[in-house]
Amino acid sequence: MNLRRRYLRDRLMVALVYLGTLLVLLPLLFILGYVFVKGIGALNWDFFTKPPAPPGEPGGGMLPAIVGTFVIDLMALAMGGLLGLGGGVLMAEYPEHPLNRPLRLVANVLGGIPAILMGLFAFVFVVVPMGGFSAFSGSVALAILMIPIIMRATEEVLRILPWELREAGLALGLPRWRVTLSLILPAAKGGIVTGLLLALARAAGEAAPLLFTAFGNPFISFDPLGPMDSLPLKIYVYAISPYEEWIRQAWGAALLLALLLMVTNFLARRALRRS
Amino acid sequence: MRDKIYGQLGDRVFTAGLVLLGLAVMLIAGLMAWELGAGGWEAFRSFGFWGFVRGSAWNAVAEQFGAWPFLLGTLITSAAALALAFLPALAAAIAVAEYAPRWLAEAVAYLIDLLAALPSVVYGLWGIFVLVPLVRDHLEQPLFLWSAEHAPALMGVLGPPTGIGMLSAVLVLALMIVPYASSLARDAIRLVPRAQREAMYALGATRWEVVRRVVLPYARGGIFAGVILALARAIGETMAVTMLIGNSGQLPYSVFGPAATMASVIANEFAEAEGGLQLSSLLAVGFLLMLLSLAVNLVADFILRRMSVGEGRK
């Protein structure tokens with residue numbers, strides 16, 4: 001009798017747990033499917049090759065935003081990657097260094113700060129002194145977003161490597177910097193690439209830090225010191241616009257951005273598995 | 001001689017380079033806090049720190065600014081979203097880590113990670129064109145009409161049933177933090193040693209009893225820390241909320257009505273801010289938002305350290 005009640009409760013909880021899981025997955029799958037269905041209709045040749053048409057007119061495309069996404073994000077990756085890798089290597093390879101404790105604290109703090117504040121900072125620190133909105137300021141904001149992610153990933157990967165590897169190098173008479181550069185970093189290559197790609201994917205989806213830094217630009221631009229467009233920014237601007245054509249293209253851009261991020265995440269996972 | 005240059009000098013240069021990069025990271029974080037605080041100085045000076053925090057007027061024409069409506073908006077929306085998201089997220093984590101067969105667990109975990117990577121603007125876009133009409137036509141309007149007939153006192157609490165407002169923002173926020181909270185809870189549950197479970201099974205416990213008495217108590221530190229981190233996520237979430245909440249400087253006292261959060265008011269007004277005091281007030285709101293997320297993250301850190309069993313304590 002008591003046993004039967006316990007079994008009954010067990011079954012009930014299994015059902016509830018699966019029900020909760022469905023409650024999580026169904027709406028999210030619905031969003032994904034909806035973006036796919038609405039977006040696929042907006043993707044055509046013009047979408048990839050033309051600048052936007054004037055407001056309210058049909059046609060036009062996303063070329064400036066696509067180009068801008070790559071320019072802004074790659075500049076950010078270059079800056080964020082350098083600082084993040086440096087910090088991560090310092091924390092993992094020089095555990096005795098006095099800078100490590102405060103550095104780890106700062107990395108945790110930076111990782112918890114909302115992305116829009118990176119944009120505010122880049123505005124005050126870069127846009128105002130330089131006298132105008134620029135792709136560079138957007139990259140600075142995104143780079144700050146990337147730093148803690150890259151730092152943490154780098155440190156974790158390096159920590160996994162056995163100390164014997166370092167000792168073997170030192171025993172051969174290699175100085176520490178050579179051990180790090182020629183033994184440790186190559187051995188951890190896969191994991192480091194994963195960290196870089198995950199940080200890139202995280203930053204590439206953000207529109208908030210770009211609102212008042214990169215600002216947006218309807219023309220194709222490669223000038224890092226001028227305003228530049230980006231896919232997330234364009235989705236935001238088009239989504240709240242009153243024009244049907246723009247809204248249609250916002251769905252296309254959302255699908256494109258989602259696909260790009262999925263590919264990046266997939267590559268990141270593959271790099272990790274290879275190492 | 002060559003060895004000395006190669007070894008000692010090389011090491012010194014290399015370490016100095018790393019330290020320089022590390023210092024740069026710390027400098028950036030410090031500058032960020034400084035610039036936001038200094039930028040908001042004018043607002044803090046004009047209204048007083050607590051006057052600004054507790055001030056409930058936000059009026060660019062009268063040059064009166066206070067962060068209270070946005071602070072409340074942020075706290076209410078993120079707490080409500082977390083309340084909605086918590087149980088489903090925990091259920092999904094238990095399903096993946098305990099109940100589901102391997103193939104299903106992997107598929108679900110992969111999907112959840114995928115959805116956590118979907119950008120905020122995409123959730124916002126979906127919210128505007130799918131969720132808002134849905135909520136308006138099938139939830140808010142029927143409720144509003146019902147209250148108009150049967151409980152007129154409720155109408156003020158409910159607010160205008162336009163779909164754009166707190167309710168939609170909370171729902172989208174909940175959807176956005178579910179994958180994140182769930183994957184953190186899943187990680188915490190996976191840390192529970194197998195021996196703990198097996199001991200319980202050996203005593204004749206059912207699966208639920210093992211989850212209830214062993215897994216959840218053991219993982220509670222990680223789960224709670226995950227919950228707080230999800231709350232921090234919700235507090236900083238900007239784009240989707242900005243697109244759905246209606247951005248009104250009023251105090252957020254109605255369920256359906258428009259409101260604003262700290263992040264959304266910055267996103268919405270910063271580019272068009274006129275006059276030094278408004279700009280400064282927005283920077284001051286940013287400074288407060290930074291303090292709030294800092295505090296929440298520290299609490300998560302503290303919980304993780306205090307409440308973890310075994311490995312968590314380092």
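Two residues count as in contact here if their C-beta atoms, placed from the backbone, lie within 7 Å. With that in hand, welcome to the close-ups of this predicted model.

**View 1. Where the two domains of chain A meet.** Chain A splits into domain 1, covering 2–40, and domain 2, covering 48–274. At their meeting point, five residues of domain 1 of chain A are in contact with five residues of domain 2 of chain A. What classes of residue does domain 1 of chain A bring to this side? The side touching domain 2 of chain A has three nonpolar residues, one polar residue and one charged residue. If you step back to the C-alpha centres of domain 1 of chain A and domain 2 of chain A, you will find them 34 Å apart.

**View 2. The domain contact in chain B.** In chain B, domain 1 runs over 1–39 and domain 2 over 42–312. Four residues of domain 1 of chain B make contact with five residues of domain 2 of chain B. On the domain 1 side of this contact in chain B, there are two nonpolar and two polar residues, and no charged ones. The C-alpha centres of domain 1 of chain B and domain 2 of chain B are separated by 37 Å.

View 3. Along the principal axes, the C-alpha atoms of chain A fill a box of roughly 75 × 70 × 35 Å. Of the 275 residues in chain A, 51% count as buried. Among contacts in chain A with a separation of 6 or more, 74% join residues 24 or more positions apart.

**View 4. Inside the largest nonpolar core.** This core holds 195 residues, with members from chain A and chain B. Which residues touch the most other members? They are A:M146, A:I235 and A:A254, together with B:V122, B:I177 and B:A230. Helix 8 of chain B, residues 166–190, gives the largest share of this core, with 18 residues.

**View 5. The surroundings of B:A230.** Leaving aside residues up to four places away in sequence, B:A230 touches B:L82, B:A85, B:I177, B:Y180, B:A181 and B:L184. One of these partners, B:I177, is also listed with B:A230 among the residues that touch the most other members of the core.

Definitions and conventions:
Residues are numbered from 1 along each chain as its sequence is written. Chains are lettered from A and ligands numbered from 1 in the order in which they are written. This is a predicted model: local features need pLDDT of at least 70, side-chain atom pairs count only at pLDDT 80 or more; totals for chains, interfaces and linings use all residues. A nonpolar core is a set of buried Ala, Val, Leu, Ile, Met, Phe, Trp, Tyr and Cys residues joined through C-beta atoms within 7 Å. A residue is buried if 20 or more other C-beta atoms lie within 10 Å of its own, exposed if 12 or fewer, and partly exposed in between; C-beta atoms are placed from the backbone. Helices (H or I, at least four residues) and strands (E, at least two) are DSSP runs, numbered from the N terminus. Domain bounds come from an automatic or database domain assignment. Ala, Val, Leu, Ile, Met, Phe, Trp, Tyr, Cys and Pro count as nonpolar, Asp, Glu, Lys and Arg as charged, and the others, Gly among them, as polar.
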